[in-house]
Every structure is written in structure tokens, then in C-alpha cells.
Amino acid sequence: MASTTTQALPVREASPSRLWPEGKGPLPANPLPSDHTLPFWRTELHELDTHRSTPELPETCDILIIGSGYSGASTAWHLVESYGDEPLPKIVMVEAREACSGATARNGGHVKPIVYFAYGRQERIYGHEVANQIAEFQLSHVLAVKDLVEKENIDCDFHLTRAVDVFTDQAYADKITAIFNTMKSRGASVLRQVEYVGPKDAEQISGVKGAKCAFTFPAAHLWPYKLVMHLLSRVVSKGVNLQTRTPVTSVSETPDEDGAWAVTTSRGIIKAKKVVFATNAYTAYIAPQYSDRIVPCRGICSRIICPGPDRAPHLPNSYSLRAGPANSDYFVSRADGSIIVGGAKPYVAEKKENWYNVVDDGKIVEPARQYFDGYMQRNFRGWEKTGAHTDRVWSGVQGYTTDLASHVGQVPGKKGQYIIAGFNGHGMPEILLTSKAIASMVKDDKTYEENGLPMVFKTTQGRLDDARNHIALG
Ligand SMILES: Cc1cc2nc3c(=O)[nH]c(=O)nc-3n(C[C@H](O)[C@H](O)[C@H](O)COP(=O)(O)OP(=O)(O)OC[C@H]3O[C@@H](n4cnc5c(N)ncnc54)[C@H](O)[C@@H]3O)c2cc1C
């Protein structure tokens, strides 16, 4: 791994946000999404990227979904699916910027269940059963996403793989092995899918120089923007009204006499009987009760390419290289020969202001490019002579929650408002089935409990009142 140098960290300035609404005054603590660096996933734009189904924003609707990332699109898709041949209610989706321009289009494309790594922290907060349940829920997504991609015939470069988590620091490897052994001794069911590779074989099996141990388990990777745009095109073709470049600036405190919420946007007010917040890191701006509970945190990703005749052999697995609690990366190896790497944690973590409570994805922590240059050569056997180098670097904003669980369900005290947000940098193995549950709450007034989601994800007043903060850059 690269050394954890302590050099100054210049942050590249971005152009001011094009979408910041006039007259809103200075930026509040949790502003809307701002201008953004270009992620690889948004280099092939879909025809719906700046779509508006109607020139004017509708004045009313039955269901308003705010946010067009994976959470919003998948909620809309499940809603439309569940209506089948029944007539659809009036569904509108508003998006502050372009369709799928937030974290979903800026992530690592890794559908990687956290099957053992978060157990230590989660067990301390929730106990063994719940920690195992969260891991099982995430694991179930690998095949759930595969089923969706196959059923819908979605062209999104989906590939099943095995995640290989490699520990390169002895003390860290010992610590995590002890946690793994505790899980085993408690009979954690999720470990059936996990293989521990000890020091004797770790370097050979993983290909990573200096590997002390490794854990392998099922995972997948895909092109997240293409997945989401497919879902959006399907729902738009069924009559969902998509309105991009339409930031919501507030939602009324109380519903009107007909039970509708007045949602103010940069293009006028829309009254909605039901509102779904699929706004990820930016939720607190329009639902202030989530301030300091869903915290925007910046992450960095890059694409490494390896052109020319010395192109390295394809790595069949996906990886995390873990050199310490604040020194880890993860990557997927794409069939086009490129590698999408997220992390650069030694640089990002060095100063809290680089990542914590940061809403701007128009800036990157500048040395990240140097960090990713030579990354494969430094870490992998057989890559030394390849000319692998950084093609692009981008940032994105994740919604971290102070109790490490997403917020899902009816917003406390706000009948008709729902939330699906705060996936702690790991939405890809949680959103599909979570959004299915939200759709059934919205359509059929099903309770949270009827949906079989882990109870810790249920958004409650108790969670909003709990001031403890467990967020760490791990
Ligand atoms: C750098 C990075 C790397 C990551 N890597 C991975 C990974 O490899 N695997 C993984 O599982 N997860 C990863 N994640 C996390 C993952 O991307 C998220 O958990 C997931 O995409 C969240 O989806 P979402 O739809 O909830 O949020 P988003 O995709 O952020 O969508 C929210 C949308 O709401 C819109 N919005 C917000 N506020 C408003 C408003 N007021 N009005 C209108 N629209 C609004 C935003 O513009 C945005 O489009 C990563 C995230 C980042 C940033």
C-alpha cells in the first residue's frame, strides 16, 4: 500500500453549482447536490439523462419520489411492477440534477455484501443476531440483483464474482481474524459463504504482495448508471413523470386539508399525497429531522486503465486491500480491462474536513490521483511491467448514518412521508430489496414489520433522538 504521507492536501475547486436555486441565501449545513466531477459511469449518457416527461411540473400527484438514484428508481420500478395491469396512480419523480447523477453513478460498482467486516461494530451496537441478520440481508442481494438483471435483460455489465478481502498488516489481520473466530464460535449463519485463507496461502490465492490473510465470499459488479437508467426508462414508459434538474427546496411542515404535502421545487410547488425521500446524503436539507443522523461523507473513486500489448491478465475476483482501519481500498476488475478503485483512504481520512459532513462532489482530494497511479503495480504480482495508470478520478457523497443502519419506512410523525436513505457507503447490496419493501408500504399501506426487513433499518423517533455517533471511516 502507499505510505500514509502527511503532505498538504489541496482540494481542487469546482465551478459553482448551476442548480442552486435563486434567492435561497447562503448554503445551509446540508445543501443540495452541487456541481460534479465526471465519473466513468456517466461517460455514456442515456437519452433520459435530462428528461422531463412534461414541459411543466405537474401541480399534483399521488406519489412523489424525490431522487433518481438507485433508491428512487428501484422504488418506482417496484411500484410500477406491483400495479401490474391495474391503472397506475399519478407518480412523479423529481431530481435536482441529471438522472442518476448522485452517489449511484459515482460509486465503485461493487455489489459487495459486508458479511464479516462490520460485524465487530454492529455486534457492539445491536448484538450478534442482528449483526448476522444484516450480513445475511446484504448477501441475499447478490442473487437478487442477478435475478433482476436477467429477468429484465438489463445491459449493465453485470458479473458474478468472489470478493477477496486481503489484509496486509499483521496486527490488523490478527484483529479481524479474532472477530471472524468469534462469529464462528457463535454460529453466524452467514459464514457458510465465507472462506478464510490463512497466512500460508494468502499471497498465492489473492495475488497481493505481502498478504497476511484473506476472506473470500460471493459478490458481483456492474455499471450502476446503466442499471438505474434501465429501471427509469421502464417506469417512464409506463407513465411515471420524470422531472430532472428540479431540486426540491422544502416540504411543508404539515399536510393540507386533503392530506397532501406541498413540495416546493425550483420550478414551482407540487402537492403530493405521498412523498418518498430517496435523497441519500442530502436528505437533511429537506427533512431536517435527519440532520446529524444522515451525514454526507465524501468518497473517492478512480478508473485505472492498462492499454497496450502488456495488458495484465484479467483478475477474476473483486478485491479490498486492507492495510489498516483508515487505510483500505476496494476495486472491481472490468471485462474491458479497466479497474475501478475506490478508497484512497490514507489521503481522504487524514483530515476529517476532507470527508465528514462534505456535500460537494465537485472536488477531489488532489493527491488521490497520485495514490491511484501505480496502484496495481505496487500491490499485485505480475502487474509490475504493465503500463497501468489512472484514467480519471472522481468523488461522490455517501449518506452515513450515526447508528450504522439505513433509515427506511414512514417518517416519524409524518403520515404519508417515507424515507429510503443512508446506506453507509454500501447501498448496492441493500437497496433492491429495501425499495421493494418501501413500494409495498407506499402502495398497500403495509407496515414496516410486514415486510421482513431487518428491524434496525426502521426509521424511528428513538433513532432520531439518539445523539450517539458511530461513524468512522472504515
Ligand atoms: C465514491 C463512492 C463509492 C461508492 N462505492 C460503493 C460500492 O462500490 N458499493 C456499494 O454498495 N456502494 C457504494 N457507494 C455507496 C452507494 O453509491 C450508495 O449507497 C447508493 O448509490 C445510494 O443510492 P441512493 O439512490 O440512495 O442515492 P443517490 O444515488 O445519491 O441518489 C440520490 C439522488 O437524490 C437527488 N437529490 C438529493 N436531494 C435532492 C433534492 N432536494 N431535490 C431533488 N433531488 C435531490 C440527488 O441529486 C441524487 O441523484 C459508494 C458511494 C460513493 C460516493
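Buried means under 20% relative accessible area, exposed means over 50%, and partly exposed lies in between (1.4 Å probe, protein chains only). The model is predicted: local features need pLDDT of at least 70, side-chain atom pairs count only at pLDDT 80 or more, and totals for chains, interfaces and linings use all residues. Residues are numbered from 1 along each chain as its sequence is written, and side-chain values use heavy atoms, with hydrogens and water left out.

**Exercise 1.** Classify Asn357 and Asn424 by accessibility and describe their backbone.

Solution.
1. Asn357 has a relative accessible area of 38%, so it is partly exposed.
2. Asn424 is at 16% relative accessibility and therefore counts as buried.
3. Most residues other than glycine have a negative phi. Asn357, not a glycine, has a positive phi of about 60°; Asn424, also not a glycine, has one of about 50°.
4. Asn357 sits in the loop between α8 (345-348) and α9 (368-372). Asn424 sits in the loop between β17 (417-421) and α11 (431-444). Helices (H or I, at least four residues) and strands (E, at least two) are DSSP runs, numbered from the N terminus.

**Exercise 2.** Describe how α2 packs against α3.

Solution.
1. Helix α2 covers residues 119-126, and its Tyr119, Gly120 and Gln122 are buried. Their cover includes α3 (128-152) and α4 (170-185).
2. The axes of α2 and α3 are 7 Å apart, at an angle of about 135°. Axes are lines fitted to C-alpha atoms, for helices over the stretch in contact, and angles run from 0 to 180 degrees between N-to-C directions.
3. That angle makes α2 oblique to α3, since angles under 35 degrees count as roughly parallel, over 145 as roughly antiparallel, 65 to 115 as roughly perpendicular and the rest as oblique.
4. Tyr119, Gln122, Glu123 and Tyr126 of α2 meet His128, Val130, Ala131 and Ile134 of α3; contact means heavy atoms within 4.5 Å.
5. Just after α2, Gly127 has a positive phi of about 90°.

**Exercise 3.** Which geometry does the ring pair of Tyr116 and Phe117 have?

Solution.
1. Rings of Phe, Tyr and Trp (its six-membered ring) pair if their centres lie within 6.5 Å; planes under 30 degrees apart count as stacked, over 60 as edge-to-face and the rest as tilted. The count comes to 19 aromatic pairs.
2. For Tyr116 and Phe117 the centres are 6.2 Å apart and the planes are at 80°, so the pair is edge-to-face.
3. Tyr116 is buried at 1% relative accessibility, and Phe117 is buried at 13%.
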